[in-house]
Amino acid sequence: MIILIRKRIFLLSALFCCFVVGMAAVLWCGHTQAAPVFSVRDGVPVTVVVDAGHGGEDGGAVSPDGVEESHLNLAIAVQVNDLLRFAGQKTLLTRSEDITIADPDLTTIRQRKSSDLKNRVALVNSTENAVLLSIHQNSLPSSTVTHGAQVFWNRQEGAEVLAEIIQDSLNSCINVGNEKLPKQIPSTIYLMKSITAPGVIVECGFLSNPAETARLQQPSYQLKLAAAIAAGYLRCAAGEEIT
Ligand SMILES: [Zn+2]
């Protein structure tokens, strides 16, 4: 019971700290930075679509000891969504449980995977003034020491600056001593080339690295990742630019 209460107090404290940091960034940037990239358009506020990659029978990348990225993606995405809502941001989660969002009448895995991606694209493209934050995990079996979080942006306006700021946020608390640069997403990635909104993929860590896989399963590390991603979005929404 005491452990549960302490855990709850820790999580609430972490949420509160993230909120304070995010709002401080918003207020500070509001005085000094360029016009926000993401703002109310034709009276419609921004909706951040928070995408937990994969799900259901599609586990995505899998570590050598069987940890599927879909579960980690969901745990982190739910917290990104909660933190952004806590800061007053309108959001939408592509999934809030371990499911595929494919049309239910399809039978083959190939059909269901294709339908799942098409439905994610449709959800983003039917949401007015949307920004996509897609949460995934990486894997590079040829280099089991490679680790860290990296952000990839699509070709829509605003995505590159969003990726730069989220990467900066991740570099300052997740990638210390292992800073990474954000990159443009290859044009072959269906979800990101098909959406008409700015979007970034956050590859939170490498399931091919055993130590990082262990960290990625810890609730406190998942919260740290979520807080860095949410704070990065809030900084960008406030108009900050990386120079
Ligand atoms: Zn993935």
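Predicted model: local features only at pLDDT ≥ 70, side-chain atom pairs only at ≥ 80, totals over all residues.
Two residues are in contact if their C-beta atoms, placed from the backbone, lie within 7 Å.

**Entry 1: the overall layout**

I looked up the secondary structure and found seven helices and six strands. Going from the N terminus, I noted the order α-β-α-β-α-β-β-α-β-α-β-α-α. The chain has 243 residues, and 45% of them count as buried. I then checked the contacts with a separation of 6 or more, and 79% of them join residues 24 or more positions apart.

**Entry 2: the helix pair α4 and α7**

How far apart are the axes of α4 and α7? I found 8 Å, with a packing angle of about 140°. Angles over 145 degrees would count as roughly antiparallel, so α4 is oblique to α7. Their crossing is right-handed. On the α4 side, the residues that meet α7 include Val161, Leu162, Ile165 and Ile166. On the α7 side, I noted Ala228, Ile229, Tyr233 and Cys236 among them.

**Entry 3: the core**

Next I looked at the largest nonpolar core, which has 55 residues. Val80, Leu133 and Val200 have the most contacts inside it. Several elements give two or more residues to this core, including α2 (69-86), β3 (130-138) and β6 (199-206). Which element gives the largest share? It is α7, with 12 residues. A friendly reminder to myself: in soluble globular proteins, nonpolar side chains tend to be buried together.

I picked out valine 200 and left aside its neighbours within four places in sequence. Its contacts include Leu133, Val151, Phe152, Trp153, Leu162 and Ile166.

**Entry 4: helix α2**

At 1.5 Å a residue, its 18 residues should span 26 Å, and its end C-alpha atoms are 26 Å apart, so the two agree. Among the buried residues of α2 I listed Leu72, Ile76, Ala77, Val80 and Leu83. Glycine 88 follows α2, and its phi is positive, near 90°.

**Entry 5: isoleucine 135**

This residue lies in strand β3. Is isoleucine 135 buried or exposed? I found 29 C-beta neighbours inside 10 Å, so isoleucine 135 counts as buried. Isoleucine 135 and valine 50 are 85 residues apart along the chain, yet their C-alpha atoms are separated by 7.6 Å. Leaving aside neighbours within four places in sequence, I saw contacts from isoleucine 135 to Asn73, Ile76, Ala77 and Val80, among others. Val202 and Cys204 are also among its contacts.

Notes:
Residues numbered from 1 in each chain as written. Core = buried A, V, L, I, M, F, W, Y, C linked by C-beta atoms within 7 Å. Buried ≥ 20, exposed ≤ 12 C-beta atoms within 10 Å, placed from the backbone. Helix = DSSP H or I, 4+ residues; strand = E, 2+ residues; numbered from the N terminus. Expected span 1.5 Å × (residues − 1). Axes fitted to C-alpha atoms, helices over the stretch in contact; angles between N-to-C directions. Parallel < 35°, antiparallel > 145°, perpendicular 65-115°, else oblique. Left-handed = near helix turned anticlockwise from the far one by under 90°.
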